[in-house]
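I began with strands and how they pair, and then turned to a single residue.

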Amino acid sequence: MMHLGIDGRELVAGVRTGIGRYLQEVLLAATARGWVCTLYGDQCTDVEGLPPHVRTRVMPQGWTQWWDQVSLPRQLVRDRVSVFLSPYYKGPVIAGCPVVLTIHDLFFIGYPGRPRPFYDVMMTGLGKLYASRAARIIADSDSSKRAVVERLAVAPSKVTVIPVAVGREFIPQPLTPRIRETYRLRDPYVLYVGNFKPHKNLPRLLQGYAALPAALRARYQMVLAGGDGENRPAVERTARQLNITDRIVLPGLIDDRDLPALYSGCSLFVLPSLCEGFGLPALEAMACGAPVAVADRTAIPEVVGGAGLLFDPEESASITAALSHALSSEGVRNRLRREGQERAQAFGPARTSELVLALLEEVCALRVAA
């Protein structure tokens with residue numbers, strides 16, 4: 001009987017993350033196979049809404065390293081776990097079972113524009129330690145795999161690429177009057193969804209939007225959705241400097257139940273990031289029937305395939321050109337909608353979960369054979 005242990009600290013009430021959804025899908029698939037599943041968390045872990053028959057172990061948090069390297073390994077041995085899945089780059093260095101890490105990206109090391117030499121050296125060292133002790137590593141994309149292999153000195157054969165799944169709820173949905181009123185959507189709109197951190201490249205997106213012909217700016221709002229209080233003032237300042245404040249909408253966090261409709265109702269979804277380990281919002285938007293225009297960096301083109309417009313995120317003129325091309329032609333947008341929905345079908349939750357479970361079974365089989 002397979003007994004799967006999972007680090008569930010990503011599951012926090014009221015917080016929606018791609019990692020959290022990834023864990024939910026894996027647990028759903030594992031319990032459907034009849035596996036015993038135990039979710040390990042702390043006082044902040046939300047155990048409501050877990051698939052039936054998932055066991056939970058809530059352990060005091062205390063010092064994170066103590067939880068990771070002492071409390072958790074001891075509990076894994078007591079529970080006789082067959083294999084442990086971490087949704088992060090870190091996991092127990094010594095455990096009574098094989099450990100599989102999931103490394104979505106390594107942007108926390110050498111973050112653009114934020115020199116932290118001591119921190120970067122320390123985190124690189126820890127990352128190499130965790131990676132060396134792991135039985136296998138899951139990466140979201142070929143781009144992320146290359147970063148793991150190069151930065152953490154890992155053999156390519158140790159890293160398996162398993163794309164992130166798009167949630168089942170991301171299908172075309174109507175943009176109701178309630179949703180329009182809630183998020184102040186007055187006109188046809190261009191949509192961005194995510195945080196406002198520097199690598200998301202929102203100043204250049206605003207510059208690109210500001211350079212659009214006046215008629216397009218007058219017709220299409222720019223909606224920047226995300227609850228990033230720390231970086232929001234910088235975005236607002238850029239909008240004021242470009243004299244486009246009246247065309248920018250900052251609705252804050254979008255309720256989970258409303259997000260598919262917001263994607264479905266946009267005239268164009270745009271992802272201008274300088275770096276992404278995957279680029280899940282673009283995939284969600286495509287699944288909802290939105291045309292997309294995205295940066296030609298890291299994993300984003302790999303995810304979008306040929307189903308979106310690509311632009312150079314470091315050139316605001318390139319962003320302007322992509323926005324103008326899509327917003328000026330209903331035919332272009334219809335093509336992107338059709339091709340985007342077809343592309344999104346390749347990223348179903350069942351496919352991703354089954355690939356994860358197959359890898360976990362392989363790890364356990366190798367341990368038994370050894």
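**Entry 1: a pair of strands.** I looked up strand β9 (residues 221-225) and found that 3 bridges join it to β10, the two running parallel. Two strands count as paired if DSSP finds at least two bridges between them, and the strands (E, at least two residues) and helices (H or I, at least four) are themselves DSSP runs, numbered from the N terminus. Within this pair, Met222 stands opposite Ile248 in β10.

I noted that the model is a predicted one, in which local features need pLDDT of at least 70 and side-chain atom pairs count only at pLDDT 80 or more, while totals for chains, interfaces and linings use all residues. Residues are numbered from 1 along each chain as its sequence is written, and side-chain values use heavy atoms, with hydrogens and water left out.

**Entry 2: the sheet around it.** I then followed the open sheet of 6 strands, whose order is β10-β9-β8-β11-β12-β13 with parallel pairing. Because β10 (248-252) and β13 (309-311) stand at the edges with a single partner strand each, one side of each has no neighbour in the sheet. From one strand to the next the twist averages 25°, where angles run from 0 to 180 degrees between N-to-C directions and axes are lines fitted to C-alpha atoms, for helices over the stretch in contact.

**Entry 3: strand β4.** Which residues of β4 (residues 83-86) lie on each of its faces? Val83 and Leu85 are on one side and Phe84 and Ser86 on the other, and all are buried, which means under 20% relative accessible area, with exposed being over 50% and partly exposed in between (1.4 Å probe, protein chains only). Strand β1 (residues 3-7) pairs with β4 in the parallel sense over 3 bridges, and Gly5 stands opposite Phe84. β4 also pairs in the parallel sense with β5 (residues 99-103), again over 3 bridges, and there Leu101 is the bridge partner of Ser86.

**Entry 4: Ser264.** I found Ser264 in helix α9 (residues 259-265), where it is buried, with a relative accessible area of 18%. Its side chain reaches the backbone nitrogen of Gln173 at 3.0 Å, and a polar atom of that side chain lies 2.7 Å from the backbone oxygen of Pro260. Leaving aside neighbours within four places in sequence, Ser264 is in contact (heavy atoms within 4.5 Å) with Ile171, Pro172, Gln173 and Cys288.

Technical notes
A polar contact is a pair of N or O atoms within 3.5 Å; within protein, one must be able to donate a hydrogen and the other to accept it, and residues adjacent in sequence count only if both atoms are side-chain atoms.
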